[in-house]
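I am opening a notebook page on a structure that is new to me. My entries follow in the order I looked things up.

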Amino acid sequence: MKDRVPRYPGRVTLTPVSGQTNTYDMVRADSPTQEGTPLNKDTLLKDTTATALGLTGDPTVDEALSRLSGSRFRVGDMKVTARTDLDDSWLLCNGESVDVDYYPSLKPYLINTFTSGGAGNSAYVKFSSASSAPVRVVGVAYGNGKYVYALNGRDSERAQVLVCDDLPTVNSALVQTSPAGATGSAYCIIYANGTFVVGGARGDYPAIRYCTGDPAVSGNWTEKVISSKKGCVRSLAWENGTFVVGGATAYGTDWSADSLLYGRPTIWFGGSPSTSLTENVIANLDSASATSIKYRNGLWVTATSDSINGNGSTSYQPAILYSSNLSGTWLQTTVPYTGDAYGTQLVDVEYGGGMWVACGWTNRENPTGPRVWYSTDISGSWTTKNIILTGSIDYASTIAYIAGLWVVGLYSFSSQLPVRSSYVYYTTDITGDWNNRTIGTYMSIKSVSALNGELIFTGWYGLRDMTNSDYNAGEVANFSLSQLPVVSIDGAYAYIKAKEATT
């Protein structure tokens, strides 16, 4: 840069502004022998320079000098050193999961082990007693530093939870959530507002079990039958300030909680699990259930299972049910199918990226197997798409939208070995191609959840029915959504810049 060299330092010319009292235009009149470098943004701190320094927004020269006086490293850069006294803006490249809320700028440089093909962790559920009893892991919730897995087994081993710090182990706490001697089923679990809630049935009646204390202590679980009508609970939500239960109540006296024969889609809702819940039969269908109650895009929504009338002579087109008011009228939007509607089932519905998506299966048309239905308008037309292009005896059992990724789990529809389901499908574009990867060991997947920086799948290894304990072992698999890279160097350590230094 060059200084300005004036002949007459400080001299200016003032010219009155016409019509404006005591107002003048001023120009320099110092007759410089050297103009000097102008002082402006382009000469003091170019945008390209600021970007190279890792500065954003409208940085000042002082901020640029401060950056230069410290480090030229930017978030995502790595360095190797023998030192171990680095500040908390650096993280050791040891493969641990990272809280992206604390290191938001680092997220693009972390590894998603699910989509990158990295190895996940998996475990069979271990039991301290009755290890031969068939059991399924139907869901997982995370709260107060604990993972609580909901289990559905047979006879006295039904409606339990497994409480642990991460994946189930032989030392995990196995807790009976029903009173001693009582039998009941478990189909879903959530954690919200400081409370774990498991949904299912007590005998042939819809029931929930909830716990606000230590979930590993059986005495902290309260069981509550929520209706005088026969039925069951299939889904739970605690959203928009309301606790909501989705399921079915019996149509007539012919009822089976496990198979949903002749049930009507029903919801219950209130301020908390411990309060009195309002019951609302949300559709006049005779073999259906609110299988996936959720609050999305300003609407309460659920998918339905079979939709036929009481004597089975008339079939209804499978539908998504939705309403902005839990106690009001629920509308139905139908999805396309060919052949017999009774052979088409919807089990889950989700919203993300401006798209409504339902999943399920059909076995009355060719090709058969898992599929999705999607629409940008819940009340508009829906498009159907097979996830697997060739025929399959499996079906889509659950769908989630996580960090821009659609994930669909598959469930084995076959009662014969070998079990075919051991994988999930995923895509960033619901209308495009789907990728797949193996999950667990011949695992029929019941739920997928994003919890505590991990993508967790629950299900079981084995048959569709519960008659064979050898092939009904509960199974869990998890993948890190935000994992540090692993770098091993003899005699030194590799670190990654995780955030800008605070000093």
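The entries below go from the chain as a whole to single residues.

**Ground rules.** I am reading a predicted model, in which local features need pLDDT of at least 70, side-chain atom pairs count only at pLDDT 80 or more, and totals for chains, interfaces and linings use all residues. Residues are numbered from 1 along each chain as its sequence is written, and side-chain values use heavy atoms, with hydrogens and water left out.

**Whole chain.** I found three helices and 35 strands; these are DSSP runs numbered from the N terminus, helices being H or I of at least four residues and strands E of at least two. Of the 503 residues, 50% are buried. Buried means under 20% relative accessible area, exposed over 50%, and partly exposed in between, with a 1.4 Å probe and protein chains only.

**Cores.** I looked up the largest nonpolar core and found 21 residues, with Val357, Val372, Ile387, Val408 and Trp434 having the most contacts inside it. At least two of its residues come from each of β25 (355–362), β26 (369–375), β28 (394–402), β29 (405–412) and β30 (423–427). Another core, of 15 residues, lies apart from it and includes Ile402, Val407, Phe457 and Ala477. A nonpolar core here is a set of buried Ala, Val, Leu, Ile, Met, Phe, Trp, Tyr and Cys residues joined through side-chain atoms within 4.5 Å. In soluble globular proteins, nonpolar side chains tend to be buried together.

**Trp434.** Which residues does Trp434 contact, leaving aside its neighbours within four places in sequence? I listed Val372, Lys385, Ile387, Trp406, Val408, Tyr425, Tyr426 and Thr427. Contact means heavy atoms within 4.5 Å.

**Asn152.** I placed Asn152 in strand β9 (residues 146–153). Is Asn152 buried or exposed? Asn152 counts as buried because its relative accessibility is 8%. Its side chain reaches the backbone nitrogen of Ala186 at 3.2 Å.

**Two loop asparagines.** Asn240 sits in the loop between β16 (231–239) and β17 (242–250), and its phi is near 55 degrees, a positive value in a residue other than glycine. Asn297 is in the loop between β20 (294–296) and β21 (299–303); it also is not a glycine and has a positive phi of about 55 degrees. Most residues other than glycine have a negative phi. I noted Asn240 as exposed because its relative accessibility is 51%, and Asn297 is exposed with a relative accessible area of 51%.

**Leu65.** My last entry is Leu65, in helix α3 (residues 61–69). At 52% relative accessibility, Leu65 counts as exposed.

Key: Polar contact = N/O pair within 3.5 Å; in protein donor to acceptor, adjacent residues only side chain to side chain.
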